[in-house]
Amino acid sequence: MTERWRGNHWIHYCLVIAGVLVLVFSWLRNPGMIRSGFYTIFREGSRIALDFKHREQQLMESEHFRVRYEERDAEAAALVLAIAEEIYDPINQNLGYEPNRKVPIIMYPTNDSLTGSFGWPADEGALGVYWVGTIRILSPSVWATSDEGKIDPEIFRTTGPISHEYTHYVIDYLTGGNYPRWFTEGVAQWEEKKLTGFAFSNPFTELYQQNCRPSQQRFTPKSNAKPKGQEWQEWIYQELYPLIEMDAGFDYLPNQMLAYWESLMVVKYINTVYGSECLSQIIKCLSQGKPINQALKQATGADLAQFDADFRVWAADQAARESIARNN
Ligand SMILES: [Zn+2]
């Protein structure tokens, strides 16, 4: 009996050591997958904790979403669920994903309560934010209203944050959190544009119209002549953020409008130059724990540095052509 017990104990030690070795080897082979595993635990824990924190609030559910809200916001909650259901299938089909549980939404009654939930300053305006497993939105009763002060469903449908934030949710779950910030912002705006028609406009069009360089200096004082296509394109190229900079400190980039517009342009570039299948392939590589450099290399043949340089030449050309055409 004792010998058998000792034998079992020895087998247990071997199994633990083998388990540790498997973990170490899989980390060495694919550190991204292990990182994603830890992130998934953190995300699911955060999602459950946030839901528990809001357990006293009202709860309304649809087939695929559940929204927590203040009692006075029942009409807004019903609208949020209706719009969320409208965008659910198209985004899932475009990105190849189907959540295995109802997607949680927390609806905040005021701007202060939404920004305060992140500890952001009150003047930080946001209609919606996706963060670790939950979509947080500002109630449409605050901002999507008609002149009479009633909620206008059409304003919420066309300018609301649901399609954008739900795309962030899908990208996060598809890739286990393994994506650069410019990528998820680009895909979210791409889907949003397809579904609602909303997108930030090319920031260089207005600068060109005002006779300004991207750096806000006026064009040549001698003649005040607008630069020719090539020259204008080079100015724009200098102004665009390198993708590596857009990943590390996206929120701290001084020109946020440019950062968002450029993110959208990256996804447009991938779709235009490489085709929509390429975007799916990048997402697939990210979901396998591969870093973005490797994902781009596999899907486009160019590494991050080459992709970035080619993209900025393309984007500067597009922006220059568009801004000159709009002003002629
Ligand atoms: Zn976003």
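View A. Strands β1 and β2 run antiparallel and are joined by 4 bridges. Two strands count as paired if DSSP finds at least two bridges between them. This is a predicted model: local features need pLDDT of at least 70, side-chain atom pairs count only at pLDDT 80 or more, and totals for chains, interfaces and linings use all residues. Residue numbers start from 1 along each chain as its sequence is written. The two strands form a hairpin, with 3 residues between them. Met-60 has Val-67 in β2 as its bridge partner. Helices (H or I, at least four residues) and strands (E, at least two) are DSSP runs, numbered from the N terminus.

**View B. The open sheet.** The sheet has 5 strands in the order β1-β2-β3-β5-β4, with mixed pairing. Its edge strands are β1 (58-61) and β4 (128-131), each of which pairs on one side only. On average, neighbouring strands are turned by 20 degrees against each other, direction ignored. Strands β3 (residues 103-108) and β5 (residues 134-138) run parallel, with 4 bridges between them. Tyr-108 stands opposite Leu-138 in β5.

**View C. Helices on the sheet.** Helix α3 lies across β1, β2 (65-69), β3 and β5. Its direction is at about 160 degrees to β2. Helix α7 also packs on the sheet, touching β3, β4 and β5. The direction of α7 makes about 5 degrees with that of β4. Axes are lines fitted to C-alpha atoms, for helices over the stretch in contact, and angles run from 0 to 180 degrees between N-to-C directions. Residues are in contact if their C-beta atoms, placed from the backbone, lie within 7 Å.

View D. The domain assignment of the chain gives domain 1 (37-175) and domain 2 (181-326). Such bounds come from an automatic or database domain assignment. The domain centres, taken over C-alpha atoms, are 27 Å apart. Domain 1 gives 16 residues to the contact and domain 2 gives 14 residues. On the domain 1 side, the elements that give two or more residues are α3 (74-95), α6 (153-159) and α7 (162-175). Helix α7 gives the most, with 7 residues. By class, the domain 1 side has 6 nonpolar, 9 polar and 1 charged. Ala, Val, Leu, Ile, Met, Phe, Trp, Tyr, Cys and Pro count as nonpolar, Asp, Glu, Lys and Arg as charged, and the others, Gly among them, as polar.

**View E. Helix α10 against helix α15.** Helices α10 (residues 229-239) and α15 (residues 304-326) pack at about 125 degrees, with their axes 8 Å apart. That angle makes α10 oblique to α15. Angles under 35 degrees count as roughly parallel, over 145 as roughly antiparallel, 65 to 115 as roughly perpendicular and the rest as oblique. The contact residues of α10 are Gly-229, Trp-232, Gln-233, Ile-236 and Tyr-237. From α15 come Arg-312, Val-313, Ala-316, Asp-317, Ala-319, Ala-320 and Ile-324. This contact has 8 nonpolar, 2 polar and 2 charged residues.

**View F. Helix α12 against helix α15.** The axes of α12 (residues 256-274) and α15 come within 10 Å and cross at roughly 100 degrees. Helix α12 is therefore roughly perpendicular to α15. Glu-262, Met-265, Val-266, Tyr-269 and Val-273 of α12 meet Phe-311, Trp-314 and Ala-315 of α15. These residues divide into 7 nonpolar, no polar and 1 charged.

How values were computed
Two residues are in contact if their C-beta atoms, placed from the backbone, lie within 7 Å.
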